[in-house]
Amino acid sequence: MSDFIVFPKPAADFHVHVRDGDMMRTVVPTIKQGGVSLAYIMPNLIPPVTTVLAAQEYRARLESVDSSVTFATTLYLSPEVTPDTIQQAKKAGISGVKVYPAGVTTNSDHGVSSYASFYPTFAAMEEADMVLNLHGECPSSDHINVLNAEEEFLPTLKDLHFRFPKLRIVLEHCTSAAAIAAVRECGPTVAATITAHHLFLTIDEVTGNSYNFCKPVAKFPSDRKALLEAATSGESKFFFGSDSAPHPIANKQKGQGAAAGVFTQSHSLAYVAEAFDLAGKLDKLQDFVSNFGREFYKITEDQPTFQVTLVKEDNIIPNTVTNGDIVVVPFKAGEKLHWKVIVKDL
Ligand code: DOR
Ligand code: ZN
């Protein structure tokens, strides 16, 4: 492999948190900087994005910060998201609906406790060919904890796929070998996103380091290996979704109760390139970060206004991404990567 890679199209990131207000204005410019021109934006704002109008207004705010990125939007599943809403959403160009099981992660208080009441909504989505994004964890209970919450969710994935076989479903941010196996067992309408940080982390690096803490948490070395194998396998079911989730530094520094989320947006493509290079699989990179997700989602995009080249060059991750009062600590802060993204406006 040569020491640079020119991308015919910039990368696409199918799981992005950028928030709103000052945090949004800080983070949105780092999407392009990370090498990405299509970003699928998560709806867990406060309050969550549950209406078509709220999604349209949010998209307009995002575009006002960076018009060179295509922002795809998804609604936060709540009782307001009815079959009627789905029809309007389809017309408004909204791509999907995200399920947050109640209480499992950041801003999931308004999330779902029972799926059956949403079957008519899922049926309408299947009919409209929209995408269901699943945060695949069960809430903690006597027998469920952060280490088995994803595996315990997998029967729900299979049940939804069985009931709605044509509904396109994405199991978001897979962290376990069991999740990878379950996605493989499902038909072609079920896919999965894999983050950059889960290609590196295991539970040992999360313990004692709140900057590596996210939901679902990183699991065992055998799980990390399964994720890397899936991402580099060339199977179109597995594609990139960074789950980059910025939190103000103060919320990450709390010992007990630190916010869940790893921020990778500013260097997203470089982290993935590093992991693929270490695995000797750079030849599979473009499909994973650029082609497979686009194919699955069928989103219409304008011509990219910038070109992305990955260059093999030392790349020290800064200690912070700062904008006035907003300070966010990126993944692997202070560490060296061996790939750098060069962005050229066309
Ligand atoms: O770690 C996470 N952070 N996981 C999620 O699902 C949500 C995200 C956030 O919004 O901060
Ligand atoms: Zn997320």
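Student: Which radius of gyration does the protein chain have, and why does the value agree with a compact globule?
Tutor: Happy to start there. The radius is taken over C-alpha atoms, and the globule rule is 2.2 Å times the number of residues to the power 0.38. With 346 residues, that rule gives a value near 20 Å, so the chain agrees with a compact globule at 19 Å.

Student: What should I know about the model and its numbering before going on?
Tutor: This is a predicted model, in which local features need pLDDT of at least 70 and side-chain atom pairs pLDDT 80 or more, while totals for chains, interfaces and linings use all residues. Side-chain values use heavy atoms, without hydrogens and water, chains are lettered from A and ligands numbered from 1 in the order written, and residues are numbered from 1 along each chain.

Student: How many helices and strands does the protein chain have?
Tutor: Both are DSSP runs numbered from the N terminus: helices are H or I with at least four residues, strands E with at least two. Counted this way, the chain has 12 helices and 13 strands.

Student: Which residue in β7 is the bridge partner of L132?
Tutor: Strands β6 (residues 131–135) and β7 (residues 168–172) pair in the parallel sense over 5 bridges. Within β7, the partner of L132 is I169.

Student: Which element gives the most residues to the lining of the largest pocket?
Tutor: On a 1 Å grid over the protein atoms alone, a pocket is an open set of points with protein on both sides within 12 Å along at least five of seven lines, a cavity is a set where a 1.4 Å probe fits but cannot get out, and lining residues have an atom within 4 Å of a point. The largest pocket holds about 460 Å³, and R59, T70, I299, T300 and E301 are the closest of its 25 lining residues to the centre. Two or more residues come from each of α3 and β4. The most, 3 residues, come from β4.

Student: How much space lies in the largest cavity?
Tutor: The count comes to 3 cavities of 30 Å³ or more. The largest cavity is lined by 15 residues, with H17, T105, D243, A245 and A260 nearest its centre. A volume is the space filled by probe spheres set on grid points, joined across faces, edges and corners. For the largest cavity that space is about 110 Å³.

Terms used. Two strands pair if DSSP finds at least two bridges between them.
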